[in-house]
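Trainee: Before we go through this structure together, could you show me how to read its surface patches, its salt bridges and its overall build?

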Amino acid sequence: MQELGLFPLPIVLVPTERIPLHIFEPRYRELIEECVEQGEPCGLVLATWDGAVHEIGTNAIVAQVLEVLEDGRMNIVVEGGARFRLLELTSGRAFATGLVEPVDDTVEPAEPEDAERALEVFRELAEAAESDVDVPDADSPQLDFELAARVDFAVDSKQDLLATTSPRERMKKLIDFLETALEAVRLEHTLRERAGRNGKVSPLETEL
């Protein structure tokens, strides 16, 4: 176990993901300054509206300090590292802290056909969304997280992936989430096209 400074936020950071953060509260400016000075991560955990935090979080490494403003506020980029399990909240610092332990995956690798399917749906999703996002290497040992890091999933879905310790099960869940996202993007395009026709159905649609 180790004690880790925690950054509770209403977002989920998965391993390999990079996200920008604006740090304005003095207690979390203190936390980030320590992380930068010591070269150590803090723990990013999903916080709910009532202040509760989820058990599984991610080590957040300060990858880049973009800007430090005159009043001390900071714009930074953090990168998701290893996952941890929060065992107990501790006290004594201005910011939240807790005792944590590493989260290890079970020895259940993803099925090759599932990995191929996840990449296939991801490419279709990127094309449908007209995004030029890069496609991860199919041989990456963290392919599931690299794909999840590139899609704006709902926090509940991302937390589900983060907490799943079976790579085989996690890849299957990822495929479901990607397929749902693809359906949503295609539906949005359909509704937009119909709105452009003032809601009227074309003869082609009538025949289908």
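Trainee: Which residues form a nonpolar patch on the surface?

Mentor: Patches are built from residues with over 30% relative accessible area and no salt bridge, like charges being joined within 9 Å and nonpolar side chains (Val, Leu, Ile, Met, Phe, Trp, Tyr) within 5 Å. Here Val36, Val65 and Val68 make up such a nonpolar patch, and together they have about 230 Å² of accessible area, a value that comes from the Shrake-Rupley method with a 1.4 Å probe, where for residues only the protein chains shown count as cover. Val68 belongs to strand β4 (residues 56-68), strands being DSSP runs of E with at least two residues and helices runs of H or I with at least four, both numbered from the N terminus.

Trainee: What should I keep in mind about the origin of these values?

Mentor: This is a predicted model, in which local features need pLDDT of at least 70 and side-chain atom pairs count only at pLDDT 80 or more, whereas totals for chains, interfaces and linings use all residues. Residues are numbered from 1 along each chain as its sequence is written, and side-chain values use heavy atoms, with hydrogens and water left out.

Trainee: Is Val68 buried or exposed?

Mentor: Buried means under 20% relative accessible area, exposed means over 50%, and partly exposed lies in between (1.4 Å probe, protein chains only). With a relative accessible area of 54%, Val68 is exposed.

Trainee: How many salt bridges does a search of the whole structure find?

Mentor: A salt bridge is a side-chain nitrogen of Lys or Arg within 4 Å of a carboxyl oxygen of Asp or Glu, and the search finds 19 of them. One of these joins Asp105 to Arg83, at 2.7 Å from N to O. Asp105 sits in the loop between β6 (97-102) and α2 (112-128) and Arg83 in strand β5 (residues 74-90), so this pair ties together parts that are 22 residues apart in sequence. Arg83 is buried, its relative accessible area being 8%, while Asp105, at 33%, counts as partly exposed.

Trainee: Which residues are linked with Asp105 in a network of salt bridges?

Mentor: The network links Arg83, Asp105, Asp144 and Arg170. Within it, the side chains of Arg170 and Asp105 meet at 2.9 Å, N to O; because Arg170 lies in helix α5 (residues 167-196) and Asp105 in the loop between β6 and α2, the pair ties together parts that are 65 residues apart in sequence. Arg170 is buried, with a relative accessible area of 3%.

Trainee: What does Arg168 form a salt bridge with?

Mentor: Its partner is Glu111, and the closest N and O atoms are 3.7 Å apart. Arg168 is in helix α5 and Glu111 in the loop between β6 and α2, so parts that are 57 residues apart in sequence are tied together. Arg168 is partly exposed at 32% relative accessible area, and Glu111 also counts as partly exposed, at 26%.

Trainee: How many helices and strands are there in the protein chain?

Mentor: There are six helices and six strands, following the pattern β-β-α-β-β-β-β-α-α-α-α-α along the sequence. Of the 208 residues, 40% count as buried, and the C-alpha trace spans about 70 × 45 × 30 Å along its principal axes.
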